[in-house]
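Biologist: I have the sequence and the model open on my screen. Can you walk me through it?

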Amino acid sequence: MVYVATWDEFLERSVQLFRADPEATRYQTKYRNCDGKLVVKVTDNKEVS
């Protein structure tokens with residue numbers, strides 16, 4: 001799994017995945033209460049952003 005440090009880099013990679021195959025792209029969000037973080041995952045079953 002790839003962790004991206006900045007929102008801009010995450011956005012760029014997510015848009016690339018979506019443009020490559022919009023029908024296969026999935027988004028997942030999860031809030032980790034113990035860390036106080038929102039985890040956002042974008043995948044097309046080949047790459048994860």
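**The strand pair**

Modeller: Gln28 has Lys41 in E2 as its bridge partner. This is a predicted model, where local features need pLDDT of at least 70, side-chain atom pairs count only at pLDDT 80 or more, and totals for chains, interfaces and linings use all residues. Residues are numbered from 1 along each chain as its sequence is written, and side-chain values use heavy atoms, with hydrogens and water left out.

Biologist: Which residue is the bridge partner of Lys30 in E2?

Modeller: Val39 is the bridge partner of Lys30.

Biologist: In what sense do E1 and E2 pair, and over how many bridges?

Modeller: E1 and E2 pair in the antiparallel sense, over seven bridges. Two strands count as paired if DSSP finds at least two bridges between them. E1 and E2 form a hairpin with four residues between them, and Gly36 in the turn has a positive phi of about 70°.

Biologist: Where do the side chains point in a regular strand?

Modeller: They alternate between the two faces of the sheet.

Biologist: OK, back up. How many helices and strands are in the protein?

Modeller: There are one helix and two strands, and along the sequence the pattern reads α-β-β. Helices (H or I, at least four residues) and strands (E, at least two) are DSSP runs, numbered from the N terminus.

Biologist: What about Thr43, buried or exposed?

Modeller: Thr43 counts as buried because its relative accessibility is 8%. Buried means under 20% relative accessible area, exposed over 50%, and partly exposed in between (1.4 Å probe, protein chains only). Thr43 sits in strand E2, residues 37-43.

Biologist: Which residues does Thr43 touch?

Modeller: Leaving out residues up to four places away in sequence, Thr43 touches Leu17, Ala24, Thr25, Arg26 and Val48. Contact means heavy atoms within 4.5 Å.

Biologist: And Asp44?

Modeller: Asp44 lies in the segment after E2 and counts as buried because its relative accessibility is 11%. Not counting residues up to four places away in sequence, Asp44 touches Leu17, Ala24 and Thr25.

Biologist: Where does Arg26 lie?

Modeller: Arg26 lies in strand E1, residues 26-32. Arg26 counts as partly exposed because its relative accessibility is 46%. Its contacts, with residues up to four places away in sequence not counted, are Lys41, Val42, Thr43 and Asn45. Arg26 and Leu11 are 15 residues apart in sequence, and their C-alpha atoms are 14 Å apart in space.

Biologist: Charges next. How many positive and negative side chains does the protein have?

Modeller: The protein has 8 positive and 8 negative side chains, with the centres of the two sets 7 Å apart. Lys and Arg count as positive and Asp and Glu as negative, while His and the chain ends are not counted. Each charge is placed at NZ of Lys, CZ of Arg, CG of Asp or CD of Glu.

Biologist: What are the overall figures?

Modeller: The C-alpha trace spans about 35 × 20 × 15 Å along its principal axes. Of the 49 residues, 16% count as buried.

Biologist: What feature does UniProt place at residues 4-45?

Modeller: The unreviewed UniProt entry gives "domain: SRP9" there. UniProt positions are in the numbering used here, feature names are shortened, and annotations may be inferred rather than shown by experiment. Over residues 4-45 the chain is 33% helix and 33% strand, with the end C-alpha atoms 18 Å apart.
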